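Hi,

Here is the structure I promised to pass on. Have a look at it first, and my notes on what turned up follow below.

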Amino acid sequence: MSGTDYDLVIIGAGPAGLAAALYAGRARLSVLLLEKAAPGGQILVTDWIENYPGFPEGISGTDLMMHMVAQVNRFGVDIQTGEVISMDLTGQVKRLELNDKTITAKTVIIASGSSPSKLGIPGENRYLGRGVSTCATCDGPFFKDSVIVAVGGGDTAVQESLYLTRFAKKIFLIHRRDQLRAVKLLQERVKNNDKVEIIWDSTITEIKGGAEGVEAVTVKNLKTGVESDLAAEGCFVWVGTIPNTEFAVGHVELDEKGFIITNGRMQTSIPGVYAAGDVRNTPLRQVVTAVGDGAIAANEAMHFIENM
Amino acid sequence: MAEGIKEISDATFDAEVLKSEIPVLVDFWAPWCGPCKAIGPILEEINRNFEGKLKIVKCNVDDNPSSPSNYGIRAIPTLIFFKGGEKVEQIVGMVEKSKLEQTIKNNL
């Protein structure tokens, strides 16, 4: 086939993309790793990762990202800032339109990850950055001795709420069910922490504020339908994630929530195009699963190129 | 980090930002903020690309509590674009390089 700019283009430099780049770089493919913002993905906003093997005391998300980037840099991978606007994946040569240029490749790994979901309630966008947040490590220190409302019941909601106890005097954790989804160890920690009070069977319906930012949050009990206002200066929202797949719509098969459908070899509906990490229809979205996906995808891309 | 990008303080905010002859982008950051570190290289690149047309400065919110408080900042990274001493744009959180460049071009 005619020449392409790269053997492999990886879209997204979170853990999945960085692991794929590491494997592809060591396989001596010519690799471009594209990142629209900054390498790291969602681990950048994670205060402490204690379920990634090899770090007995745990490691901060930022440090883990820096280690991963440094490791990739050893193997000649080209890391560039760029955003994919549209794609043509139908031919043997895959064509990616970026914001500032067009690039071609023999294979593509989509590892664009996911972003925090929004609640879609009044006040959420208006007070973003002025009390509404999804990043405890970024914004927690602004809430010294404050009251915070946190929404969610999964690992992220519980872990990050515990982190906020370093700063806030009180945290109300609002969860729509009568038990948490978070892993048992985190459940134990949160139940033993006097600063966190869990409000069960509830959600929030509005974030209210003034010139200074958030002032109160309206909490609705889903069983009784009763609404009440809770005075708080902060509102942290951790209610799951949405896939970053706008640019992939119509190009590869997506599931009903927009995640890319793959098989166990990370193959998408298009030959030579793979997906890895949070962006695919995986049962578990963790650093440890993302890096495994990335390695498999890179290995498959390598075999695909060999058999061309 | 942030070689080439000047660090300002509460004491120098007025002179460096509000009285600047050219537009200023202030990066409110802190050492404990992962995304702040991550956008560092993007800001340095933009600083080079817009040299002479735009001034980028950094303000450590831990050491300088007044400036962020004056602008109601409760999240970092927050980037505020100043023109003629007035705030014209505010960007909260991680931002794509292309989006940031567009915002700058729209406001220069």
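Predicted model: local features only at pLDDT ≥ 70, side-chain atom pairs only at ≥ 80, totals over all residues.

Between domain 1 of chain A and domain 2 of chain A, 2 residue pairs are in polar contact, both partners being at pLDDT 80 or more.

For orientation, domain 1 of chain A comes in two pieces, 6–115 and 241–306, while domain 2 covers 132–237. Their C-alpha centres are 32 Å apart. Where they meet, 7 residues of domain 1 are in contact with 10 residues of domain 2. About 550 Å² is buried between the two domains, and carbon and sulfur atoms give 37% of that. On the domain 1 side, A:Val45, A:Asp47 and A:Glu50 supply 79% of the buried area, more than any other three residues.

Now for the boundary between the chains. Chain A and chain B bury about 1,800 Å² between them, with 63% of it on carbon and sulfur atoms. Which three residues supply more of chain A's share than any other three? They are A:Gly129, A:Cys138 and A:Phe142, which together supply 27% of the area that chain A buries against chain B. The contact involves 24 residues from chain A and 20 residues from chain B.

On the polar side, the rule finds 6 residue pairs in polar contact across the chain A and chain B interface (again both at pLDDT 80 or more). It also finds 1 salt bridge there: B:Glu96 pairs with A:Lys36, and their closest N and O atoms are 3.2 Å apart.

As for which elements of chain A take part, helix H2 (61–73), helix H3 (136–139) and strand E13 (213–221) each supply at least two residues of the side that touches chain B. H3(A) gives the most, with 3 residues. By class, that side of chain A has 11 nonpolar, 7 polar and 6 charged residues.

Cheers

How values were computed:
Residues numbered from 1 in each chain as written. Chains lettered and ligands numbered in written order. Heavy atoms only, no water. Contact = heavy atoms within 4.5 Å. Buried area = accessible area lost by both parts, 1.4 Å probe. Salt bridge = Lys/Arg side-chain N within 4 Å of Asp/Glu carboxyl O. Polar contact = N/O pair within 3.5 Å; in protein donor to acceptor, adjacent residues only side chain to side chain. Helix = DSSP H or I, 4+ residues; strand = E, 2+ residues; numbered from the N terminus. Nonpolar A, V, L, I, M, F, W, Y, C, P; charged D, E, K, R; others polar. Domains from an automatic or database assignment.
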